[in-house]
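Here are my notes on the model, as promised. Have it open in your viewer while you read.

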Amino acid sequence: MNTFFRAVSLAAVAALGLSLFSAEPAKAAAAAEKPIDMQWSFEGLFGTYDRDALRRGYKVYKEVCAVCHAMEFVRFRNLMEPGGPEFTEGQVKALAAEITVIDGPNSEGEMYERPGEPKDRFPKPYPNREASAAALGAYAPDLSLMNKARFGGPDYVYSLLVGYEEAPEGFEVTTGTYNKYFPGHLIAMPNPLSDGLVDYEDGTPNTVEQMAADVTHFMMWTAEPKLEQRHRMGFQVLIYLIALTGVLYFAMRKVWADAH
């Protein structure tokens with residue numbers, strides 16, 4: 001999971017945000033609505049990830065988002081590590097084997113194809129930014145760190161996914177799609193979700209709101225995979241400081257009592 005924290009800065013990822021299209025500067029400057037204030041299980045000192053939400057979120061990413069967006073800092077083996085979706089080793093091997101990887105060179109100096117393995121990264125839908133932009137009309141950014149890179153974090157990402165609607169009267173959509181939570185309201189990415197788009201095996205209603213919440217939950221984990229470990233460490237440090245404060249207080253009282 002250490003690869004999550006290397007290779008690019010969060011600022012660089014933020015710069016790769018979804019492109020804004022507008023024919024008029026005044027529209028581009030239009031203020032987006034404040035993101036929806038969600039109550040996430042991972043928030044707060046004792047926050048933890050919801051394992052079921054993470055697994056459903058992976059399914060939404062795999063079947064919907066991965067068509068355009070990469071997660072190059074995530075490997076299949078990360079899916080079975082503590083603090084994440086915690087798939088079994090067998091499940092991870094099966095998921096990885098669904099992809100084909102170009103590997104090599106072999107003993108003859110040639111590249112070859114093989115089934116994916118847990119050590120492999122999630123596949124990229126396009127080999128580079130230029131290919132992505134040429135196919136989609138705008139570069140689709142990597143989602144590995146998006147929840148930490150975008151101002152507003154998971155609330156913004158969730159709001160963006162549920163914020164597609166008809167443009168209000170008088171607002172001209174010349175190119176792109178109207179989204180009330182996107183700055184300027186015109187976003188290059190068309191609405192990716194619709195009710196029933198992904199089948200949930202656990203019986204959870206597959207509404208747009210649920211799928212948006214689940215994939216946002218999953219993206220939070222990819223951006224901060226050690227969150228639960230950090231929360232536990234923070235709690236332990238807090239307890240230690242409280243205990244130390246008590247010891248110092250009584251020691252001080254003892255010293256001053258002896259002095260008198």
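1. Glu224 counts as buried because its relative accessibility is 11% (buried means under 20% relative accessible area, exposed over 50%, partly exposed in between, with a 1.4 Å probe and protein chains only). Its side chain meets that of Lys148 in a salt bridge at 3.1 Å, N to O (a side-chain nitrogen of Lys or Arg within 4 Å of a carboxyl oxygen of Asp or Glu). Glu224 sits in the loop between α8 and α9 and Lys148 in helix α6 (residues 146-149), 76 residues apart. With a relative accessible area of 38%, Lys148 is partly exposed.

2. Before going on, some housekeeping. This is a predicted model, where local features need pLDDT of at least 70 and side-chain atom pairs count only at pLDDT 80 or more, while totals for chains, interfaces and linings use all residues. Residues are numbered from 1 along each chain as its sequence is written, and side-chain values use heavy atoms, with hydrogens and water left out.

3. Overall, the protein has 9 helices and 4 strands (DSSP runs numbered from the N terminus: helices are H or I with at least four residues, strands E with at least two). Of its 260 residues, 39% are buried.

4. The whole structure holds 16 salt bridges. One of them pairs Arg56 with Asp214 at 2.8 Å, N to O; Arg56 belongs to helix α3 and Asp214 to helix α8 (residues 208-223), 158 residues apart. Both Arg56 and Asp214 are buried.

5. Helix α3 also supplies Lys62, whose partner Glu98 lies in the loop between α4 and β1 (100-103), 36 residues apart. The closest N and O atoms of Glu98 and Lys62 are 2.6 Å apart. Lys62 counts as partly exposed, because its relative accessibility is 33%.

6. Now the second largest pocket, with about 380 Å³ of space (a pocket is an open set of points on a 1 Å grid over the protein atoms alone, where a 1.4 Å probe fits, with protein on both sides within 12 Å along at least five of seven lines; lining residues have an atom within 4 Å of a point). Which residues lie nearest its centre? Of the 13 lining residues, those are Arg55, Tyr58, Lys59, Phe87 and Glu201. Helix α3 gives the most to the lining, 7 residues. By class, the lining has 4 nonpolar, 1 polar and 8 charged residues (Ala, Val, Leu, Ile, Met, Phe, Trp, Tyr, Cys and Pro count as nonpolar, Asp, Glu, Lys and Arg as charged, the others, Gly among them, as polar).

How values were computed:
Points joined across faces, edges and corners; volume = space filled by probe spheres on them.
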